[in-house]
Amino acid sequence: MRHERDFSPYIRLEGEIAHMDFMVEGVHCAGCMSKIEKGLGALEGVSAARLNLGTKRLGVDWHKGALGPKEIMEKVESLGFKAHPFLPEKLKSAEKAELASLLRALAVAGFGMMNVMLFSVSVWFGHDIGHETRELFHWISALIALPCGLYAAMPFFKSAARALSKRTTNMDVPISIGITLTIGLSLYETATGGHHAYFESALMLMFFLLTGRVLDQMMRARARDFAVNVASLRPQMARVMLDGGVSVETPVSALETGQKILLMNGDGLAVDGRVLEGAGEVDVSLLTGESALLKVGAGDTLQAGTLNMGANLVLEVIRVTDTSVDKAAELMERALASKSTVMAMADRAAKIYAPVVHLAALLTFIGWMMLGAGTHTSLVIAISVLIITCPCALGLAIPAVQVVAGGRLFSDRIILNRGEAIERLAEVDTVVFDKTGTLTLAEPSLINADELPPHIIALAASMGRASRHPLAIAVAGAMPQAPIMAGAREFPGEGVEAVYEGETLRLGSAAFSGAKALHDKLLESHPDASFIYFKKGEEVYPLILSQRLRPDARQVVAGLNARGYRLIILSGDQWGATEKAAITLGIEEFQGAMLPHEKIAFIKDMEARGHKVLMVGDGLNDAPALAAAHVSLSPVTAAELAQNAADAVFLGAELAPVLKAIEACKKAHRLMRENLWLAVIYNIIAVPIAILGYVTPLVAAAAMSISSILVTLNALRARKGA
Amino acid sequence: MTMLIYLIPIALFLGGLGLFGFMWALKSGQYNDLEGDAWRAIMDDEEDKDN
């Protein structure tokens, strides 16, 4: 069903030149980049076209009026790619500033470290360096190290200050103390003509730690870019109602107050609105936390975030809230911020660790003082202990992998709703598939259209437009220009009912439309088709639909079988169709004609017997089943309700994302374990050695920062492989 | 040894130049699209483009 798209919210005007950004699918190499840029540059009216190969985003400038986004998108398609309108998110500036400031600190730390090293190496290895020369070199080192160190330490000081102001400690507190003590001690030594200064240790510490942070930020920025790109493929759209019952899909950001919008069953409301027509029930748990459904009718006001659980509603827009644009970037932040069990453990460990680090350093200092080592030596050893016990590696172990894995999933067109889904996907041993819309493409087609009178098709199509069920959508597709049936009420899993010109119309399953006998007869002649029945008054008409399996479904099933997963199809569709699909795909276990509560019971039973189930489903009647499974995936064609219930959503017409998601998460899970071991072993070895006094601040700085870089680099392995 | 009086400031100055260079490159957005810019440098221009 093609709806009109309104692009004006995406276009930015600067005088006579219009600018718009697109996200382009299918770009893999430099050849693609030059093809697109040259192809667009050749269009009349286009003044500039530049594709960012890293983020796959295209920026086009053109003379206002010469052409429009539609022509640009068509040109890109003719070149073999697909362009999607894209709104550069406002959130980006804060993140970009963070990365830029880290890079600047890194550059200054690097400059300082290397120049101070110049002098330090001379001091260490100069055989007969004179007392004055050494003092001179120390002073010059101080001159370089102080401004550089102060600038480069800012990220740590700021973070530590923030934590302390909230009366808690994070890992930057011991680091800040370590840096300050090291530089302070070195200054003292320089001023009193001592033999050892440790400026290079402090700078080296900062340099390597900042390297780790920069890597981490870059990975986050990359994952965020992917997430935003992918989320722009399913833009937040609203159905604006025009006169005559026709609905137009418009991006949410273009809505204006006073417009009439249609909120279908399963849709989420993106703006504040007042109900004009329709009555039913809504879920406001996202706003109030109340899980009980709220009854609404004409005149009631609903807020953005409300989910429609009942009949379709027509609303008047009262207030457009700032949603869609920032939502895309928020998606990833939210997903990655949610804590998994292992992460929560690491978090707690890191929390008590900081005080433990301080305590260890303090005790070491006191211990050595009591052994008679003198203030200088004791302080140096204590500083080494402080630096080397810092749990940076432990704190990075899991988030680093989550970010990289999240980025990989996003680039495979899988949108994570929850970060902990990564772990749960790794633990799966059984995969349960829904059939319609999941194993098959969401659009089946009507095959007996020529046997039915046109006005019946028109009415059925009209009814079909009021439902989200894939079969209903297919019926609606039989006559795209049919307006939506007013006052239609959906019974999820069964059908749609409406009153038209005094007669009751029903579109739905055989049981819902009173067509059992007809159904049994048709089943014999069409064992593998799907049926939906249209009842007008007393007459019943069958609508026979055939579904196509997703193009790569067979390979994906074979892949899953080869990896030893138990596969099951649970379908609400009848047995014949389900069996045919199962045989074609090579799945041994399947059940047809399942009612929603039967699916839930089946999954709960499997879970109770200790299996970890991945449920892949899309329909309205799957949403509770999705929640009951250990982890769930939903295709993007599903209702918003199912999309929110699922742990992750995948885009596109292929089933491959299911296999890709499992492989990516298994690798990620393994890497998280590896990282935790790395961090723990490092600490177990390093801390005793430091306490016993065998470690200088320089070695401590190197060891600690290298351990956290190792953890970060290990996390990068999550980008590919299984 | 007195050479150091000249050499050290020179070394620091040159290092500083490098630092400023990096800051400027960062600010002017040269790190935004490393992949694309790398390929752009070696792509062939079409014959009809004026050089």
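User: What share of the 51 residues of chain B counts as buried?
Analyst: The model is predicted: local features need pLDDT of at least 70, side-chain atom pairs count only at pLDDT 80 or more, and totals for chains, interfaces and linings use all residues. Numbering starts from 1 along each chain as its sequence is written, chains are lettered from A and ligands numbered from 1 in the order in which they are written, and side-chain values use heavy atoms, without hydrogens and water. Buried means under 20% relative accessible area, exposed over 50%, partly exposed in between (1.4 Å probe, protein chains only). For the 51 residues of chain B, the buried share is 16%.

User: How many helices does chain B have?
Analyst: Helices (H or I, at least four residues) and strands (E, at least two) are DSSP runs, numbered from the N terminus. Chain B has 0 strands, and its helices number 2.

User: Is Ser120(A) buried or exposed?
Analyst: Ser120(A) sits in helix H3 (residues 92-125) of chain A. Its side chain makes a polar contact (N or O atoms within 3.5 Å; within protein, one able to donate a hydrogen and the other to accept it, residues adjacent in sequence counting only if both atoms are side-chain atoms) with the side chain of Glu200(A), at 2.7 Å. Because its relative accessibility is 7%, Ser120(A) counts as buried.

User: Is Lys536(A) buried or exposed?
Analyst: Lys536(A) belongs to strand E21 (residues 530-536) of chain A. Not counting residues up to four places away in sequence, Lys536(A) touches Ile456(A), Leu459(A), Glu503(A), Thr504(A) and Leu505(A), contact meaning heavy atoms within 4.5 Å. Since its relative accessible area is 16%, Lys536(A) is buried.

User: In which sense do strands E26 and E27 of chain A pair?
Analyst: E26 covers residues 631-635 and E27 residues 648-650, joined by 3 bridges. Ser634(A) has Val649(A) in E27(A) as its bridge partner. The sense of the E26-E27 pairing in chain A is parallel.

User: Which residues touch the most other members of the largest nonpolar core?
Analyst: A nonpolar core is a set of buried Ala, Val, Leu, Ile, Met, Phe, Trp, Tyr and Cys residues joined through side-chain atoms within 4.5 Å. The largest has 63 residues; apart from it lies another core of 59 residues, including Leu106(A) and Tyr682(A). In the largest core, those touching the most other members are Val431(A), Phe433(A), Leu614(A) and Leu633(A).

User: How many bridges join E9 to E14(A)?
Analyst: An open antiparallel sheet of 6 strands in chain A has the order E7-E6-E8-E14-E9-E12. Within E14(A), Val317(A) stands opposite Gly273(A), and Val314(A) is the bridge partner of Glu277(A). E9 (residues 272-277) and E14(A) run antiparallel, and the number of bridges is 5.

Methods. Pairing = 2+ DSSP bridges.
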